[in-house]
Amino acid sequence: MKRVWVEVPDWVDEEMVRKRVKEIAYTFSYVPVEHLRNKFGISELKEEIDVNDHVSSIREKEKKRIID
């Protein structure tokens with residue numbers, strides 16, 4: 001987290017400045033995926049997720065239970 005100091009003229013409403021700073025901070029609140037990949041050392045993505053046959057059969061039973 002970074003801390004930034006802002007100086008404004010005396011005639012500027014302090015609450016308005018706080019509100020605008022919160023709005024600006026909110027626009028920067030998302031984290032780009034590339035930044036996360038670099039931070040955690042992820043270089044290769046795998047799209048396929050293996051599902052155990054046992055898990056898939058449990059899922060099917062649960063689907064049938066919910067539908068019925």
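**View 1. Glutamate 60 pairs with lysine 63 in a salt bridge.** The closest N and O atoms of the two are 3.6 Å apart; a salt bridge is a side-chain nitrogen of Lys or Arg within 4 Å of a carboxyl oxygen of Asp or Glu. Both residues lie in helix 3 (residues 53-67), three residues apart, about one turn of the helix. Helices here are DSSP runs of H or I with at least four residues, numbered from the N terminus. Glutamate 60 is partly exposed at 40% relative accessibility, and lysine 63 is partly exposed at 48%. Buried means under 20% relative accessible area, exposed over 50%, and partly exposed in between (1.4 Å probe, protein chains only). This is a predicted model, where local features need pLDDT of at least 70 and side-chain atom pairs count only at pLDDT 80 or more, while totals for chains, interfaces and linings use all residues. Residues are numbered from 1 along each chain as its sequence is written, and side-chain values use heavy atoms, leaving out hydrogens and water.

**View 2. Helix 3 also holds glutamate 62 and arginine 65.** Their side chains meet in a salt bridge, 2.6 Å from N to O. Glutamate 62 is partly exposed, at 35%, whereas arginine 65 is exposed, at 56%.

View 3. Glutamate 23 has a relative accessible area of 37% and arginine 20 has 44%.

**View 4. Glu14, Glu15 and Arg18 form a network of salt bridges.** The count for the model comes to six salt bridges.

Conventions. Helices (H or I, at least four residues) and strands (E, at least two) are DSSP runs, numbered from the N terminus.
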